[in-house]
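Hi there,

Here is the structure I said I would pass on. Please open it next to this email and follow along as you read.

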Amino acid sequence: MLKKTLIAVSAIPLTTLALTSCGSDSAAGGTDDDGTITMGFAQVGAESGWRTANTKSIQETAEAEGIDLKFSDAQQKQENQIKAIRSYIQQKVDIIAFSPVVETGWDTVLLEAKRAGIPVILTDRAVDSEDTSLYETFLGSDFVLEGEKAGEWLVENAAEADVDGDGDVNVVELQGTTGAAPAIDRKTGFESAIAADDSISIGASQTGDFTRDGGKKVMEAFLKSEDGIDVVFAHNDDMGLGAIEAIEAAGLTPGKDVKIITIDAVKDGMAALAEGKISFIVECNPLLGPQLMDLAKKVLAGEEVPERVVTEETTFTQEQAKEVLPERQY
Ligand code: GYE
């Protein structure tokens, strides 16, 4: 059994949530008398394979390290995450960690945590706030770099990616959740890399909210509205997998009639890459549990932690996907 508290944030009033405090009279921001760390974790949702792997990593690491994890799923809604963070403050958890669904609008609740003496760690996604004293550190990927890697591959493979041979590479972009750090930064990185080749341009760009269904619906619309689509750049595997369904339903062959580039490298994405339906994947590592728990322990022990901890990541071609797929954990 995992030691976690699942909170249906929107359904339970805060007064109920406040009943399950961590049971310590000590000031917030330290550990309990017996040394047990209580962490409140406000997750984004369960929108993608990446997110599922991320949640599992956090829950399993907390369990293995004896950290009492209170976990909530915000169903991709900022208001739910804010409610969850407030409930953790009321419960006087030792430390709060969260993956902000969007970048802006956090200052008020983070100030409440700060005033309550509860340290906050950002994990996976960043906030856009001028006051960096509102959190201890940010652990996660360099999303701009991920977008750049996707764009650089396209520049290197532009001739092959011009599938209709008209001399122009027409890209459609499936963006992540509007206002989310990975959506903003991956777009920025991709655009800056493709600027190196005038033949490549983005003909249409819309959000698919990081979900398979969202990717499928937006791709269906693009196939009707856009002429001569050569390439899909999807901000995550799930939207790319949704796009594959739409492309196949339109009687086209993904990988041949339309090239697909995605980010994440979860198992389903890697399987589609090995099959040649996706052409290139930039890795984004979801296994943040061990580093997160390590940072939490250090913060609570009063040790210095770096302001930013960047995850190491690679990229995969079809051949590389075939090699690593059998051992892929997630
Ligand atoms: O790429 C996507 C998920 O924030 C890095 O969120 C994460 C992104 C990931 O929904 O699949």
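Below are some notes on aromatic pairs, helices, a strand crossover and a pocket.

Two points on the ground rules come before the details. This is a predicted model, so to speak of local features a pLDDT of at least 70 is needed, while side-chain atom pairs count only at pLDDT 80 or more, and totals for chains, interfaces and linings use all residues. Residues are numbered from 1 along each chain as its sequence is written, and side-chain values use heavy atoms, with hydrogens and water left out.

Aromatic pairs

Rings of Phe, Tyr and Trp (for Trp, its six-membered ring) pair if their centres lie within 6.5 Å; planes under 30 degrees apart are stacked, those over 60 are edge-to-face, and the rest are tilted. The count by this rule is four aromatic pairs. In one of them, phenylalanine 98 and tryptophan 106 have ring centres 4.9 Å apart and planes at 65°, so this pair is edge-to-face. Phenylalanine 98 is buried (under 20% relative accessible area; exposed is over 50%, partly exposed is in between, with a 1.4 Å probe and protein chains only), with a value of 0%. Tryptophan 106 is buried too, at 0% relative accessibility.

Tryptophan 153 and phenylalanine 280 form a stacked pair, 5.0 Å centre to centre with 5° between the planes. Because tryptophan 153 sits in helix H5 (residues 143–156) and phenylalanine 280 in strand E11 (residues 280–283), the pair ties together parts that are 127 residues apart in sequence. Helices (H or I, at least four residues) and strands (E, at least two) are DSSP runs, numbered from the N terminus. Tryptophan 153 is buried at 13% relative accessible area, and phenylalanine 280 is buried at 5%.

Helix H3 (residues 78–90) has 13 residues and reaches 18 Å from its first C-alpha to its last, close to the 18 Å expected at 1.5 Å a residue. The expected span is 1.5 Å times one less than the number of residues. Among the buried residues of H3 are Asn80, Ile82 and Tyr88. Lysine 92, which follows H3, has a positive phi near 55°.

Where does helix H9 lie, and how many of its 13 residues are buried? Ten of the 13 are buried, so H9 is largely enclosed by the rest of the structure. They include Asp237, Met239 and Leu241.

A crossover

E7 pairs with strand E8 (residues 200–207) in the parallel sense over seven bridges; two strands pair if DSSP finds at least two bridges between them. Valine 171 has isoleucine 202 in E8 as its bridge partner. From E7 the chain passes through helix H7 (residues 181–194) to E8 in a right-handed β-α-β crossover, meaning that, with the strands pointing away from the viewer, the path from the first strand over the helix to the second runs clockwise.

The lining of a pocket

Helix H2 (residues 49–64) gives the most to the lining of the largest pocket, with seven residues. A pocket is an open set of points on a 1 Å grid over the protein atoms alone, where a 1.4 Å probe fits, with protein on both sides within 12 Å along at least five of seven lines; lining residues have an atom within 4 Å of a point. Leu287, Pro290, Gln329 and Tyr330 are among the lining residues. Glutamine 329 is exposed, at 66% relative accessibility.

Best wishes
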